[in-house]
Amino acid sequence: DIEDIPEKGIELNASDIHLEPMETSLRIRIALSGYLKVLTHFPKTISARMVNAIKAACGMDISSRRVPDDGRFTIKYNNVKYSLRVSTYPCIYGENCVIRI
């Protein structure tokens with residue numbers, strides 16, 4: 001679920017969450033104390049769906065994949081509202097997405 005990724009980042013006190021499409025998978029990394037740590041990998045087949053869900057939550061144009069874009073959305077976790085900033089940009093295997101907590 002799309003909400004699980006930001007929630008996991010909040011739990012781990014991460015500053016950023018990076019969704020990085022690769023040749024065979026979608027790599028999820030989190031920034032902790034200035035270092036990127038691999039959180040998990042997902043099958044490549046859900047990469048576009050996951051990025052599109054984040055873009056839709058931000059009100060971004062999901063049909064635009066070849067230009068960088070920025071947006072924001074909020075989630076509520078443990079009765080605290082978090083404002084998340086999102087940046088997407090094209091890469092060789094799809095769209096990279098960075099969520100800033």
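I looked up the contact between Arg29 and Glu20 and found their side chains joined in a salt bridge, with N and O 2.9 Å apart. I took a salt bridge to be a side-chain nitrogen of Lys or Arg within 4 Å of a carboxyl oxygen of Asp or Glu. This is a predicted model, in which I required pLDDT of at least 70 for local features and 80 or more for side-chain atom pairs, while totals for chains, interfaces and linings use all residues. Residues are numbered from 1 along each chain as its sequence is written, and side-chain values use heavy atoms, with hydrogens and water left out.

I then checked burial (buried: under 20% relative accessible area; exposed: over 50%; partly exposed in between; 1.4 Å probe, protein chains only). Arg29 is buried at 18% relative accessibility, and Glu20 is buried at 12%.

I next examined Arg27, which forms a salt bridge with Glu20 at 2.8 Å between the closest N and O atoms.

I searched the whole structure and recorded 3 salt bridges. One of them pairs Glu95 with Lys55, with the closest N and O atoms 3.1 Å apart. Glu95 belongs to strand 6 (residues 94-100) and Lys55 to helix 2 (residues 47-58), so this pair ties together parts 40 residues apart in sequence. I used DSSP runs numbered from the N terminus: helices are H or I of at least four residues, strands E of at least two. I noted both Glu95 and Lys55 as buried.

Finally, I traced shared partners: salt bridges link Glu20, Arg27 and Arg29 into one network.
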